[in-house]
Structure formats: C-alpha cells, structure tokens
Amino acid sequence: MLKYSKIVGIVLLVFLFAMCNQKSKNDKETILKGSIDITVDETVKPIIDDQVAVFEGTYYDAKITVKPKSEVEVINDLLNQKAKVAVTARNLTTEELSRFEKSKIKPRVTPFAIDAIALISNKSNNDTLIALKSVLDFMQGKKDTGIKGLVFDNPNSSTVRYMKELAKVKDIPATGVFSFKTNDEVIKFVSENDGMIGVVGVNWLSQPSPNMIDFTKKITILGVKGLKDNQYYYPSQNDIAEEKYPLARHLFIINCQGYSGLGMGFSSFVAGDIGQRIILKSSLMPVKTPGRKLQIRSQIINDKE
C-alpha cells in the first residue's frame, strides 16, 4: 500500500510540474509580449523592418526577429514547421493547404498590402519605358527583344517565380539572365552596368538603406506597358491603387502558431490602423485605407491676443 502511495505521489508531482511548466510557457508569450522569429520574403524586408520597429516601440515586452529568405525557403520552412509565422508575396496553394491540414494545422492568412515589382535600368540609358511583352519574350528565349540582359535577386525568389508564371516558362534562360542573392546586389549591379534591366521589389527603392542611397541615384525606375493596353505605368501608389500597374502583387502574413501568441498580435497590428498607415507612407498600397478624422469647429479660435 505504501509503495502504491509513493507511485501515486510521483505521478501527481510529475503532473503538477507539467502544468506549471505549461503555465510558465504561456506566461512568456501573449499577443503583446514574448519573443518570436518571423521568416520574411527578402523582397519585402524593408516594410516589415518598419512594422517591427514601431510594434516593439509600442509594446516593450515584445521581441520580433526578422529572418529574410527567398520565397522557396520561406514556404519550405512553414511546411516543415521550422517557422511558425511568415511574410509572403503570395497566398498558399491548395496543395500546401492540404499538407497543413494533414498535420492538423490551420494557417491564419492575413493580407496586409499591395506591393509591386519594379523594372530598373542604368541612369545613362535614354529609354525610360519598357513593354512587359519584351521582357516576357526575353524570358521565353526569343531574340530581337531589345533587352541586353535581365538581373534578378535570387533564383528561388518571389520575383523570379512571378515573372516565370507571367512568361509561362519553367526555367529562366541560361544566357542573358543574371541572379544574385539580394535586391541590393541587383540595384548595385544595374547602377554599374549599362543596358541591364533589374527586377526588384519596389520597397527597396523607396526605402533604401544608407549604404545604398548613392546606388539608387544612378538607376531609373522604368514605366511599364502592360499586355492589355498601350499606356505606360509606374509602380506608384496611384497606379497600384487604380490597378493599372501590371506588376502588382498582394502581401500576406501567414500564422501557423495555432494559439493566441505574438504572431497573432503582430499580424493584427500590421493589418490595423497604425500598420496600414506605415504601409501608406512606405509607397506601398495598404489593403485598408486609414481613415482621417476631421474636427469641425463652430467658430474660429484666435490664439493671438
């Protein structure tokens, strides 16, 4: 009987320890406090850095580490459960959702902005306009497109995937296409080489890092003619909002935490009023235009006596 009591006591202690340990874990993270890593599509890193800076400045107990990666790496990390929260330039596919469902994971997908892919050239080039068809023809291996070369950030990036889908090709041409690791490297290469067309996330041009400012001064953002009309449009907020710019895309936060943690708090913040205002100031287009409050006074107050 004594032996049985000891066993029951040990089991009870283990149970209490597990409960306390679980409570301790829950106490460490809420929607507004704790620490979390967020895997981010490298092409939109600047805007997420801004969001994190304001979020952490508002909620002092929150710590978010941004890990920039290529789109392929971001999605793979989510599918393999190496990342719980990610920022992507596309939504999950049916096949990817099916894999999450098999793992009994229900991702929370939050659209928060409309981004654009910009085409850039060296400042010395006289032509500041380009037809999207010429770019797609070049990617299909056609000749006489007038393009000397295309420069991408990373073979596994969202920009490469986006352009391949538009061109309806599985692989990019073996010649005439250059790829690096980051958008900054693309900008630098184009600024130093005439005749090259760079393909970058527009956020890297509107918010360049201090060491990239001189390079951005040496490049031109090209006006792009789409496939549906003969007008040229730029990756400006106005052309993006009016759905005229042909290389616009939506951005998403994908949360696979499965509980009310910091990932949920951050995605709600980005999709909320403050987060949308940050996006509005960054040259991207928010999914919800922040409202403006107007104060109407019945009389004019003269502050001068």
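**View 1. A nonpolar surface patch of about 300 Å² in the predicted model****.** Leu129 belongs to strand S5, which covers residues 129-131. With a relative accessibility of 34%, Leu129 counts as partly exposed, because that class lies between the limit for buried residues, under 20%, and the limit for exposed residues, over 50%.

**View 2. The open sheet that contains strand S5****.** Three strands form this open sheet in the order S5-S10-S11, and their pairing is mixed. S5 and strand S11 (232-233) stand at the edges and have a single partner strand each, so one side of each lacks a neighbour in the sheet. Between S5 and strand S10 (residues 223-225), the pairing is parallel and is made over three bridges. Within this part of the sheet, Ile130 is placed opposite Val224 of S10.

**View 3. Strand S8, with buried residues on both of its faces****.** Strand S8 spans residues 196-201, and six of its six residues are buried, so the strand is largely enclosed by the rest of the structure. Met196, Gly198 and Val200 point one way from S8, whereas Ile197, Val199 and Gly201 point the other way, and all of these residues are buried.

**View 4. The pairing of S8 with strands S4 and S6****.** Strand S4, which comprises residues 108-122, runs antiparallel to S8 and is joined to it by four bridges. Here Ala118 is found opposite Val200 of S8, and Val200 is one of the buried residues that point the same way from S8 as Met196 and Gly198. The pairing of S6 with S8, in contrast, is parallel and extends over three bridges. In this second pairing, Val151 lies opposite Gly198 of S8.

View 5. When neighbours within four places in sequence are left aside, Thr145 is in contact with Ser134, Asp137 and Phe138.

Conventions
Residues numbered from 1 in each chain as written. Predicted model: local features only at pLDDT ≥ 70, side-chain atom pairs only at ≥ 80, totals over all residues. Heavy atoms only, no water. Contact = heavy atoms within 4.5 Å. Buried < 20%, exposed > 50% of the residue type's maximum accessible area, 1.4 Å probe, protein only. Helix = DSSP H or I, 4+ residues; strand = E, 2+ residues; numbered from the N terminus. Pairing = 2+ DSSP bridges. Patch = residues over 30% accessible without salt bridge, like charges linked within 9 Å, V, L, I, M, F, W, Y side chains within 5 Å. Areas by Shrake-Rupley, 256 points an atom, 1.4 Å probe, with all protein chains shown as cover. Salt bridge = Lys/Arg side-chain N within 4 Å of Asp/Glu carboxyl O.
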